[in-house]
Amino acid sequence: MDEKKVECLNQKSQSDLSTSIEECGNINWTTLSQWVQCICVVTFDLNLGQALEYVYPSEFKPTEQEITNICYLAFPDSNSGCMGDTKFHVRLRTSPDGNICKRLLQFQVYNNDCPPILKADQSHYWGFVYFRQKRDLNLPRGYFQKSFIIITRLPFFNLFFELLNYLAPKYFNAGKSILEEACTQINSRWPSLQVGASLNLPLFENSYQILIPKASSRKAIAPSESLENVKVERAQVLHPMHNKIIASVNELDLFHSLGFIVDHMYTLWELVLTAEPIVVIGTSPADCSHMVQTLVAIIAPLEYCAEARPYFTIHDSEFKEFTRDRGKIPPHLILGVTNPFFVKLLKDWPHLLRLADNQVSLQKQQQLTTKNVLNSNSVTSIGITGPLKTYNSNQNTTGSNGGESWIPGLYTKYKPFLKKDKSLIKKVMLGLKTKRPEHVQTALLRRHLLELTQSFMIPLERYMASLMPLQKDISPFKSAPNTNAFKLDDFLATLELSGPQLTSTLKGDWKGLYRRFYTSPNFRGWYDSRYTELQLTLQDLQLQALSEANLEQWARDKQEVEIIDMILKLKQKLNLYNDKLASETSSLCAKRHTHSAATTRDQIRAQIDCMKELLPQDLKNIVNI
């Protein structure tokens, strides 16, 4: 492409952007910005490489650094030849922005109400990519290459892949008007982001029905049951809709990724639980991103608090940050890559998960795995995946075609603390032989892993609750006491009588696993969250005690300055309590708690009025200011 053509392309791009700004500059995108940050189109330019062709709404255009990362992440970083359409997701760090606090305020109530795994990410974007590559002899390189990307802060994988599958083909057929119409419809017809309610999301001729669970939900969520009675009158008034119920906005098909490595599922569970560094390498960004997200999900409902990048390239702005300290302890990170260069670069990383090259070889591998497992008395070796492979950094990693010569599997020197449940593994493998539906296999794995994680966390939750000070230690005339310190040895001493062996059939060194978990970011994230909850509970209890105390009797032998000091403290606590009540009222959580909280607030007001009556008139005027 000559300089004149490049100049024309740039002028056209600027013209499109200017037109877009004029069209959407006067629109209030409040609702859209809760669900979608923007929609980008990335194309391949002969001189520039990957380049941003279009973004809408243009006022939400990413920063230059974010655009660079989006452009490189939008195309497969490998020689696997991803012809046709490839769908995957990415996660990228946001650049510092002076207005970020204002933008994130709209997620404050939502983040307080939803489960940790569904929180709007405050420091990263999620990108859902639809990459199309096909032969076109009319183009200079003979190929058409372009990506359609939905940028959002919400980890709603199932919802956004549904939108991606619908909008991207329409865009490739009809052009950028589809993006503008889609954003306009989302902004005008979708409800605000909220939890605990069935939401109807109309878009063109489709209507997506979802339910975002509350953080307090204890049992497994069955949104499909709750969504059956969703009212869609608003959508049907406009034009007939094809209703699509999305049973879960975020739960992926676990068996799709774990099927070939199910024999080592418990080792992977321990690695993710303790936030060990893991490299996931495959030939497709779709496979890598799905596997990375599956690994993060296997410790649910515990939040994974370390870094995870579903798909990562050598051009990413964080490349040096994640790889420069070679020879030292690798970061707590799960990294999905397709470039073979990473195998040599990250040879010091302790755990590498090599994926099957394509779906055909994956199916063959699962069949061979099934045969070996069912015909053996032991499940320590399962055919192609075999036992845990020792990772030798000096071995040859390339074959004659330049690709990895390793067979798929987990390469690690890690020795698991727990023994695997052989009966479950055989049950899953039998399902392969009998052609059990994949969603049934996934449900089986998800329930088992959920119960395993809960068995691990229950002793921690029980011990954390015991750190709460006694009711008698909470005085209305003193500051709220702090939660007692978490002591690992004291916790481990409780396991003999109330450990995970009470609810889990797995045998092994549970104490050793707890010690390793104690030093991980996952423990720190869980502990900080629980500590904050306990501190807020203590403040509520102290405030309730203050509202019920006999302050008139307390004030009998107190000087006026002490009474004024008490009034000012009560006012300060009342202001904080009003803010809390406003937050709870605007959200859907804690409705039953709101009534008692309002009663406490009214009692505090009465206490303030009582204290004022004990002061002379001149001081009353001062405290009323």
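View 1. Helix 17 covers residues 438-466 and has 29 residues; helices here are DSSP runs (H or I, at least four residues), numbered from the N terminus. From first C-alpha to last it reaches 42 Å, close to the 42 Å expected at 1.5 Å a residue (1.5 Å times one less than the number of residues). Look for Met457, where the helix has a kink of about 30° shortly before Pro459; the bend is the angle between axes fitted to the seven residues ending there and the seven starting there.

This is a predicted model, so to speak of local features pLDDT of at least 70 is needed, side-chain atom pairs count only at pLDDT 80 or more, and totals for chains, interfaces and linings use all residues. Residues are numbered from 1 along each chain as its sequence is written, and side-chain values use heavy atoms, leaving out hydrogens and water.

**View 2. Helix 6 meets helix 7.** Helix 6 (residues 157-174) and helix 7 (residues 177-189) pack at about 140°, with axes 8 Å apart.

**View 3. Thr313 in its loop.** Thr313 sits between strand 10 (307-309) and helix 13 (319-323); a strand is a run of E, at least two residues. Its relative accessible area is 1%, so Thr313 is buried (under 20%, with a 1.4 Å probe and protein chains only). Thr313 touches residues including Tyr72 and Phe342, with heavy atoms within 4.5 Å.

How values were computed
Buried means under 20% relative accessible area, exposed over 50%, partly exposed in between (1.4 Å probe, protein chains only). Axes are lines fitted to C-alpha atoms, for helices over the stretch in contact, and angles run from 0 to 180 degrees between N-to-C directions. Lists of a residue's contacts leave out its neighbours within four places in sequence.
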